[in-house]
Amino acid sequence: MIEYYLVAASSFARDIDMVFDVVFWSVAFWFTLTFGAFIWLIFKFRAKEGVPAQYITGEEKSQKKYISYPHFAVLIFDVLIIVMAVRVWYDVKQDLPPADHTVRVIGQQWAWTFVHPGPDGKIDTADDITEIDELHLQVDSTYHYKLESTDVLHSFSIPVFRLKQDAIPGRVITGWFKPILTGEWDFQCAEICGIGHGIMAARVFVETPAEHEAWMQQAMNQQPGQQSELQLAANAATVGE
Amino acid sequence: MAESAEVSHAPGHDDHHHEESFWSKYVFSTDHKMIAMQYMFTGMAMALIGGFFAYAFRMQLAFPGMDVPFFGTVSPADYNSLVTNHGTIMIFWVAMPVLIAAFGNYLIPLMIGCDDMVFPRINRLSYQIFLLSAIVLIASFFVPGGGFGGAWTSYPPLSAKPEYNLTPLGATLWLVAVALEFVAFLLGGINFITTAMNARAKGMKLYDIPMVIWMIVVASILFMASVGPLIAGAVMLFMDQNVGTAFFDPDKGGDPVLWQHLFWFFGHPEVYVVLLPALGIVAEIITTFSRKKLFAYRTVLYTVFGTGILSFTVWAHHQFIAGVDPRMAHVFTVTTLLISVPIAEMCFVYIATLYGGSITLNTPMLWALAFIGEFLIGGVTGIFLGASGADIYLHDTYFVLAHFHYTFYPIAIIGTYAGFTYWFPKMFGKMMDDRLGRIHFWLTIIPFNLIFIPLFFLGAAGQHRRIYNYEHFPDLQGPLMLGFTYQDFREIATYSLLVMLGAQVIFFYNVIKSWISGEAAGNNPWKANSLEWVATSPPPHGNFSEELEVFRGPYEYSHPDRDEDYWPQNEPA
Amino acid sequence: MAFRPIANTRSASGIPTAKLATWWVVGSEIVIFGGLLASYIMHRLAHDAWSEQAAHTNVYIGLFNTFVLLSSSLSAVLAHKAAEEGNGAKAAKLLYYTMGGALIFVLVKSAEWTMEITHGFTITSSTFWSFYYTAAGLHAVHVIAGAIIMGIVAADAKKNQELHRVELIGIYWHFVDIVWIFLFPLLYIAK
C-alpha cells in the first residue's frame, strides 16, 4: 500500500510494507464490521412511540458472549500482528547481515555529514570521502551505518528505504540497509532538533557500480573541507532568513 | 473526628449560605461547582489559544511564507514554538482541566450525593496553582528568545541547553508551568480520590457508583502514580537548564534517553488519564438517551482497572527507534497490542448498550456517539504504530499525528462538548438550543475528519512532522493520489480547520443565548437516574436539601417492573 | 475552624478522610522519589567510575544523621500514643523533640555540604554529585517542610485541638525517614 506513494528502494522496504498491509486489512475488516454494527444499531433502535427499550443487564453469559467473542477475535489478530511485526523488526534492527560498505552518518544542527571510507575501506584515514547533505550509495550492496550526533537528537530517516533511527549524542548506533533501486530521493530529519529542523533536508543518490565509481573518483579530486564549509554556511543563511 | 461539625451543619440548613461578595462567590469560592466552572472556562479559554496556534501553523503549511492574518509571518522559530505550545496547551491546559478537574469537581460531589469535596480549600488552592501555571505558560511566549520550541515532549539535550534551543527563558518557563500544573492536579486528584472513597451517600455501594465517577477516580490514581518520575525528571531538567548539572548531557556522563523514559512513563498513562473521564461521560450519555442499562457494568469496571494497570507497561512504544536496546521493542509491541483488547472491549460494550434501546439523537447523544465512532478510528490506527515493524516507517510521520488527533480530539473536544451539553441544564438551569447544537455538531465533526484524514495519507506517503515548510523537499511536492498533490492535501486540511474554528462561534453563541433566554430546565430534564438530577438546577451551595439514600445502581432504565422508563437511585423501592 | 462540608464528616471506606488523604500524599511522594532513585540506580549501574566519586562522601556523618532521623521518628510515635491518650501537652512536647531532630539533621547536613563544597565537590562536579545534592536536597526540603507543619500541629495539640493530626504528621514523618533509609546506602555506602 505504501508502495503506491513511495517506491520500495531497500531490501527490507517490502517487509515493512507487508506489516503495514497486514495490519491494514485486519484492522479494516474489523473496523468496517464494528462501525457497520454501530451505525445499524443507531438507526434500528431509534426511539419510536410505544416501543420501550429492553432491559438487558449484560451480566449473563448468553449476553456477554456478544462482547467476549469479538474480543477474542481481537486477541487472535493481535497475536498475528505481533508475530509479523516482531519478525520484521528482528530482520531490520537486530540481525545485521555482513557489510559490503560502511558509512558514518553524523547529524548536527542542521546538516547531515556522511563519511565514506574511500578506497582503503577504513574510516578515519586520509582518503575518506566526506559529503554534506548528499549521500551517494551503490545499488545492491549492503551498507552498515554508524550513526552519531554532535549536539542534540536527530533522526536518520530515508522514507524510500523505510529506514529510521534516532541519533543520540555520545553514542554510535549501528544499523544496516541495502538499496535495491537506482534513483535519487529526499530524506528528512525526523526528530525535532531546533529552529533549523525544517531545513535539515538531504538527498540520497543510489547509483550503479560504474556511476558510483565515477562519483568516488570525482569526489576524491575535490577538497571536501571547502565543500562542507560552504554547505554549512548556506544552511545557516537559510535559517537566518 | 469532627462529630460536632456534623451536628452544627445538619443537612437542610444552609447556615453557611449567607450573602457573599462577588470575590468570595466567583473568585475565591470553595464551592466545588464554582471551582469546576473556573476550570471549565479557563480550559476553554486555553483551547481558544491552542486553536489559534493551530490556525497559524496550518496556514503556514498550506501557504508557506504567507503573512498569516492576525499573526504575521511564521518563522521557523515561531513554527516550532507554535506546534510545541499547541500540543502542551491542548493536553495539559485543555484536556486535563476540563475533563478531570472541571467534570471531576462538578460531578463527584453531586453524583455521590454530598455537599462538597472533602477538602474544599485544597480544591481552591489547586485551581489557583493551575491558574498560575497557565499564566506562567502564556508569559513564556513573550520573553526574550520567544516561546519554547522543542516539542511538547521536550527531549534533551535540545530542551536542556540554551545554545541548542535558543530559547533560554522560554524553555525554563515552559518547564516551570508544566511542573506547577502537575502539582495542581496532584492536589486535585487526592481530593477526588478521597471524596469518592469516603463521602458517598448512605447506601451507595461500590457497584452503585456512576461509571464516570469511577473513571475519574481511576484516572486520578493513574495520574498520581505516573507523574512522580516526571516531576523528578522536571527537577533534573530544570537543574540542567539553570544550575549546570548534566543529568541529561552525554558530554558529562548524563543520558538523554533517561528523560524519554521518565517522560513516557508518565506520557502514556496520561493518554488514559484523559481518555477515561471522557469514556465515563459517554457512558452516562448513551445510557440516558438509549434508555438502556449499561451493558455489563462490572466487566466495564474490571476493564478500566485492567487498562489502568496495562497502561504502565507500554511506554517505550514511543521509543522504538530512539536508540534503546532493539530487543526491548518486542516486549513493548506485545504489551501495546494487548492494551487494544480492553480498549476494544470498552467500545464493544458501548455499542452493545445501544442494542434494544430507544435512542434519541439530540445534541449530547450525537456527541457521545461521535466519540465512539471517531475514537474507533483513533484506536485502530494505533495498531499500525504499536507494531514495531511498521513503526520503523511510520514513526514521526503525519500518520502518527493523525492517529493521536483521532484519539485526543474525541477525548478533549468531543468528550467535553458531550459532557457540557449533557450537564448544561444542571449547571445553568436552562436548556440549550438543540437545533443550534446540532448545526454546531455537524460543522465541527465533518471538518474534523477532513482535517485529519488527508494527514493519514500524507503520513503514509512519508511526510515527517514538525517541519515548517515542505518546499525544501522536492519529493513532497508532486502528485499524491486521486489527482491531488501533496500541497492540495495540506490545503484541504487547512481550509477544514478554518471551517471548524469558525463553527465554534455557534457554540459560544448558543451557550450565551441559552443561558440568558433558554427554557427553564427543571431538576431532571433528561429523566436520568443519577443523584445530580435530584438537586435543583443549578444546585445551590450545599447541593441537596436533604440527606440522600441510595437504593440501586445508576443505570436502571426501562426496568420491566416499572411503568416509568427510569428509576432514580435515591427512590425507595 | 471555618465551615466544614458534610462530605468531610463521612467515612464510607471506614478510614478517616484525613488519614486517607495523608496516605495518598505519601503515595504520590513515593513515586517522585522512586523516579529519582530509579534514575540514579540506572546511571550508577552504567557507570562504575561513580564509586570513586562516592568514596568522597562521609559515611560517619550519614550514619549520625540516620540515627538522628530514626530517633526523631521514635518520638513521633510516642507523640501519637500520647495524643491517643488525649494528652495534648505531652504530644506537643514529643513533637518538639522530633522537630529538634529535624533541626540537628539539617544543621549537620549543611555542615557536611559546606565541607564537601569547599573540597571542590559541587553539584556540577559530576553526575554523581548532581544526584547526591539533588536527591538529598529534595529530601531535606521534605524534612524542613515536615518540621514546619509539625510545629503547627504541635501548637494545636498543646491546646488539645486537632489531636488526630499528630498521627498524620507522624505518618508523613516516617515516610521522610524511610526515604532517607533508601538514600543513605545508595549515596553513602555503595562504593
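Guide: A definition comes first: two residues are in contact if their C-beta atoms, placed from the backbone, lie within 7 Å. On that basis, 86 residues of chain B are in contact with 76 residues of chain A. The model is a predicted one, in which local features need pLDDT of at least 70 and side-chain atom pairs count only at pLDDT 80 or more, while totals for chains, interfaces and linings use all residues. Residues are numbered from 1 along each chain as its sequence is written, and chains are lettered from A and ligands numbered from 1 in the order in which they are written.

Visitor: Which elements give two or more residues to the side of chain B that touches chain A?

Guide: They are α4 (76-112), α6 (162-165), α9, α10 (297-310), α11 (328-338), α12 (340-354), α13 (363-386) and α14 of chain B. Helices here are DSSP runs of H or I with at least four residues, strands are runs of E with at least two, and both are numbered from the N terminus. The largest share of this side, 10 residues, comes from α12(B).

Visitor: And how do the residues of that side divide into nonpolar, polar and charged?

Guide: The side of chain B that touches chain A has 51 nonpolar, 24 polar and 11 charged residues. Ala, Val, Leu, Ile, Met, Phe, Trp, Tyr, Cys and Pro count as nonpolar, Asp, Glu, Lys and Arg as charged, and the others, Gly among them, as polar.

Visitor: How many residues does the contact take from chain B and from chain C?

Guide: The contact takes 45 residues from chain B and 37 residues from chain C. On the chain B side, α1 (3-8), α7 (168-198), α8 (211-242) and α9 (256-290) each supply at least two residues. Helix α8(B) gives the most, with 10 residues. By class, this side of chain B has 28 nonpolar, 11 polar and 6 charged residues.

Visitor: Where does that leave chain A and chain C?

Guide: Chain A and chain C do not touch, and their nearest C-alpha atoms are 14 Å apart. Of the 2 pairs of chains in contact, chains A and B share the most contacts.

Visitor: What share of its residues is buried?

Guide: Buried residues make up 66% of the 573 residues in chain B. A residue is buried if 20 or more other C-beta atoms lie within 10 Å of its own, exposed if 12 or fewer, and partly exposed in between, with C-beta atoms placed from the backbone. Among the contacts in chain B with a separation of 6 or more, 81% are between residues 24 or more positions apart.

Visitor: Is B:Thr397 buried or exposed?

Guide: B:Thr397 counts as buried because it has 26 C-beta neighbours inside 10 Å. This residue is in the loop between α14 (388-394) and α15 (398-428) of chain B. Leaving aside neighbours within four places in sequence, B:Thr397 is in contact with B:Gly459, B:Gly462, B:Gln463, B:His464 and B:Arg465. The C-alpha atoms of B:Thr397 and B:His464 are separated by 4.1 Å, although the two residues are 67 residues apart along the chain.

Visitor: What follows α16(B)?

Guide: B:Gly462 follows α16(B), and its phi is positive, near 95°.

Visitor: Now chain A: what is the order of the open sheet that contains β10?

Guide: The order of this open sheet of 5 strands is β4-β10-β9-β6-β7 (chain A), with mixed pairing; two strands pair if DSSP finds at least two bridges between them. β4 (134-138) and β7 (163-167) of chain A stand at the edges with a single partner strand each, so one side of each is left without a neighbour in the sheet. β4(A) pairs with β10 (residues 201-207) of chain A in the parallel sense over 5 bridges, and A:Leu135 has A:Val204 in β10(A) as its bridge partner.

Visitor: And the sheet that holds β5 of chain A?

Guide: Another open sheet of 5 strands runs β3-β2-β1-β5-β8 (chain A), again with mixed pairing. Its edge strands are β3 (129-132) and β8 (173-177) of chain A, each pairing on one side only. β5 (residues 143-149) of chain A pairs with β8(A) in the antiparallel sense over 5 bridges, and A:Trp176 in β8(A) is the bridge partner of A:His144.
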